[in-house]
Amino acid sequence: MSAVTPPAHTLKADLWLLATTLLAAAGWIFSKEALAGLAPLQFVSLRFLLAGVVLLAFAWPQLRRLTAAGLRGALIVGALFAAAMALWITGLEHATHIGEGAFISSLGIVMVPLIGWLLFGERPPRITWGAMPLALLGFACLSLEQGFRFEPGQWFFLGAALVFAVLFTLNSRIVRNVPPLALSAVQVLMVAVLMLPLSLLLERWPETVAAPVVGWLLASAILATTLRFFVQLRGQSLTSASHAAVILMLEPMWTALVAAWWFGETMSAQQFLGCALIFSALVLSRWRWVRDLLRSLG
């Protein structure tokens with residue numbers, strides 16, 4: 001008999017969260033295709049503007065009840081989210097291999113304990129000191145694939161991971177009492193509010209946009225952003241945050257598989273080793289949660 005009896009809703013939660021990771025992986029493909037006809041900041045601002053308007057319609061009752069402190073906290077994490085997305089989309093524009101980019105972006109999960117230590121003096125779990133060398137070694141394998149030549153996309157993805165780590169750390173502190181849907185709406189709209197003026201100032205917008213590019217933009221906004229938020233919130237409402245975090249770690253694996261199918265990407269032995277080391281670091285950094293999940297399934 002298992003030492004831990006799994007809750008009745010575990011399978012349903014897992015299916016919702018698994019769908020979240022698949023939508024997130026598809027979002028990489030939608031975004032890369034849209035960049036064929038749109039400038040990076042233009043794309044990301046339009047994507048999140050469209051998604052934010054939809055989320056705003058559903059989140060409005062919660063937003064009306066937000067306190068000034070809650071709104072201020074949501075705006076702060078929204079600004080960080082915008083910075084992370086700007087780095088991410090720039091990395092995607094320069095990326096030559098989407099699969100490895102997804103693994104590099106996921107390093108933010110490993111960085112969270114270190115960011116908590118640096119910003120708030122929180123002592124990291126001992127296992128963090130085992131996960132970090134694996135993560136760094138994995139990044140080294142990816143970035144040194146062509147010798148001592150670092151691709152710009154890899155550094156933008158790493159920068160996005162760092163900002164995401166700060167975002168995750170602050171999320172649990174300054175928006176603890178903000179309803180999830182309201183927080184999602186503010187974060188998404190902040191990307192549009194901050195990125196749209198920058199795009200207008202720094203980028204040249206195309207005079208015409210091909211219909212397929214518009215389709216990829218809509219797919220990014222509606223499926224990979226709006227629907228993903230709803231599906232993720234639904235899945236997280238059915239299980240614990242730690243359980244959800246374990247399932248959501250599958251995103252880079254799905255992204256690599258989808259990119260291999262859609263773009264015909266392949267990995268060299270060194271790239272595969274780098275991604276495997278990063279994923280091992282992810283699992284190790286969340287080992288207590290992974291162990292509890294395995295026990296619940298035993």
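## How two helices cross

Let's start with a pair of helices. The axes of α5 (residues 107–120) and α7 (residues 152–174) come within 8 Å of each other, crossing at roughly 60°. That angle makes α5 oblique to α7. The crossing of these two helices is right-handed. Keep in mind that you're looking at a predicted model.

Why talk about an angle and a distance here? Two packed helices are described by the angle between their axes and the distance between the axes.

## Who touches whom

So which residues of α5 and α7 meet? On the α5 side you'll find L107, G108, M111, V112, I115, G116, L119 and F120. Over on α7, their partners are L158, A161, L162, A165, V166, F168, T169, L170 and R173. Sorted by class, the contact of α5 with α7 has 13 nonpolar, three polar and one charged residues.

## A hole inside

Now for the empty space. Rolling a probe the size of a water molecule over the atoms shows where empty space is left. Searching the whole structure turns up one cavity of 30 Å³ or more. The largest cavity holds about 40 Å³ of space.

What lines the largest cavity? Its lining is made of H94, A95, T96, H97, E100, G101, E151, G153, Q154 and F157. By class, that's two nonpolar, six polar and two charged residues. Helices α4 (98–105) and α7 each supply at least two residues of this lining, and α7 gives the most, with three.

Definitions and conventions: Residues numbered from 1 in each chain as written. Predicted model: local features only at pLDDT ≥ 70, side-chain atom pairs only at ≥ 80, totals over all residues. Heavy atoms only, no water. Axes fitted to C-alpha atoms, helices over the stretch in contact; angles between N-to-C directions. Helix = DSSP H or I, 4+ residues; strand = E, 2+ residues; numbered from the N terminus. Parallel < 35°, antiparallel > 145°, perpendicular 65-115°, else oblique. Left-handed = near helix turned anticlockwise from the far one by under 90°. Contact = heavy atoms within 4.5 Å. Nonpolar A, V, L, I, M, F, W, Y, C, P; charged D, E, K, R; others polar. 1 Å grid on protein atoms, 1.4 Å probe; cavity = no way out; pocket = protein on both sides within 12 Å on 5 of 7 lines; lining within 4 Å. Points joined across faces, edges and corners; volume = space filled by probe spheres on them.
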